[in-house]
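Notebook open, viewer running. I wanted to go through this chain piece by piece and jot down what I looked up.

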Amino acid sequence: MSLLDDVAERDGWRCWVCDEPVDPDMSVNDPRGPSVDSRTADRKAKVAERLAHRGCNTRKGAVKVVIAWPDRLHVAEPAPLITVAGRLERKGGREMVARCPTERDAREAAEWLVDRFSRLVPGLPVTADVEAGGGQFLVILATGRR
């Protein structure tokens, strides 16, 4: 098996950048085709390879990666998830990542975050809590100390 196949199987044929499925039968030269990538543009960083669409991988080289929050979630001041992932990987602990108008909105965001982080940072056990505060609901990600 090739490195691409190994990485793709491990990542469930999902792009780590956009979180959309990657078609294993698509040409590696097509923008929606599979490619192997690392989560960082820093060549010195020792980061495991990840599966990405060729187009997502190419864009990542030109601009800083932004993991988009889904439009269906009602969140205010959503945190940049790549930055949050880096801090939680390095230090562990807790980090407030969004504010929501209702508890239901916060719970939906928390569920999405735990699912998204399972693919964004495999091997980093992340939990999400919802806390009331200031008339709104805070979504907090947590992981053990590193």
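My entries follow, starting with the ground rules.

**Ground rules.** I'm working with a predicted model, where local features need pLDDT of at least 70 and side-chain atom pairs count only at pLDDT 80 or more, while totals for chains, interfaces and linings use all residues. Residues are numbered from 1 along each chain as its sequence is written, and side-chain values use heavy atoms, with hydrogens and water left out.

**Overall layout.** I counted 4 helices and 5 strands in the protein chain. For helices I took DSSP runs of H or I with at least four residues, for strands runs of E with at least two, numbered from the N terminus. Read from the N terminus, the order is α-β-β-α-α-β-α-β-β. Of the 146 residues, 40% are buried; buried means under 20% relative accessible area, exposed over 50%, and partly exposed in between, with a 1.4 Å probe and protein chains only. I also looked at contacts (heavy atoms within 4.5 Å). Among those with a separation of 6 or more, 56% join residues 24 or more positions apart.

**Helix 3 against helix 4.** How do helix 3 and helix 4 pack, and at what angle? Helix 3 covers residues 81-91, helix 4 covers 103-120, and they pack at about 70° with their axes 12 Å apart. The axes are lines fitted to C-alpha atoms over the stretch in contact, and angles between N-to-C directions run from 0 to 180 degrees. The two helices are therefore roughly perpendicular; the scheme calls angles under 35 degrees roughly parallel, over 145 roughly antiparallel, 65 to 115 roughly perpendicular and the rest oblique. From helix 3 I see Leu81, Ile82, Val84, Ala85 and Leu88 meeting Trp112, Leu113, Phe117 and Leu120 of helix 4. The residues of this contact sort into 9 nonpolar, no polar and no charged. Here Ala, Val, Leu, Ile, Met, Phe, Trp, Tyr, Cys and Pro count as nonpolar, Asp, Glu, Lys and Arg as charged, and the others, Gly among them, as polar.

**More on helix 3.** Its buried residues are Leu81, Val84, Ala85, Gly86 and Leu88. Strand 3, helix 4 and strand 5 are included in what covers them. Just after helix 3, I noted glycine 92 with a positive phi of about 75°.

**The core.** Which residues touch the most other members of the largest nonpolar core? The core has 36 residues, and the answer is Trp69, Val97, Leu113, Phe117, Val139 and Leu141. A nonpolar core is a set of buried Ala, Val, Leu, Ile, Met, Phe, Trp, Tyr and Cys residues joined through side-chain atoms within 4.5 Å. Helix 1 (3-10), strand 2 (49-53), helix 3, strand 3 (93-100), helix 4 and strand 5 (136-143) each supply at least two residues of this core. Helix 4 gives the most, with 7 residues. I clicked on valine 97: leaving out residues up to four places away in sequence, it touches Trp69, Glu77, Pro78, Ala79, Val84, Leu113, Val139 and Leu141.

**Arginine 116.** Is arginine 116 buried or exposed? This helix 4 residue counts as buried, at 1% relative accessibility. Its side chain reaches the backbone oxygen of valine 17 at 3.0 Å. Beyond four places in sequence, arginine 116 touches Trp16, Val17, Cys18, Asp19 and Ile67. Tryptophan 16 lies 100 residues from arginine 116 in sequence, yet their C-alpha atoms are 9.1 Å apart.

Aspartate 19 is in the loop between helix 1 and strand 1. Its phi is near 65°, positive although the residue is not glycine, and aspartate 19 is buried at 10% relative accessible area. Tryptophan 13 is placed in the loop between helix 1 and strand 1 (34-38). Tryptophan 13 has a positive phi near 55° and is buried at 16%.

**Proline 34.** Last stop: proline 34 in strand 1, which counts as buried at 2% relative accessibility. Its contacts beyond four places in sequence include Leu4, Trp13, Val22, Met26 and Leu51. Proline 34 and leucine 51 are 17 residues apart in sequence and 6.8 Å apart, C-alpha to C-alpha.

Conventions:
A polar contact is a pair of N or O atoms within 3.5 Å; within protein, one must be able to donate a hydrogen and the other to accept it, and residues adjacent in sequence count only if both atoms are side-chain atoms.
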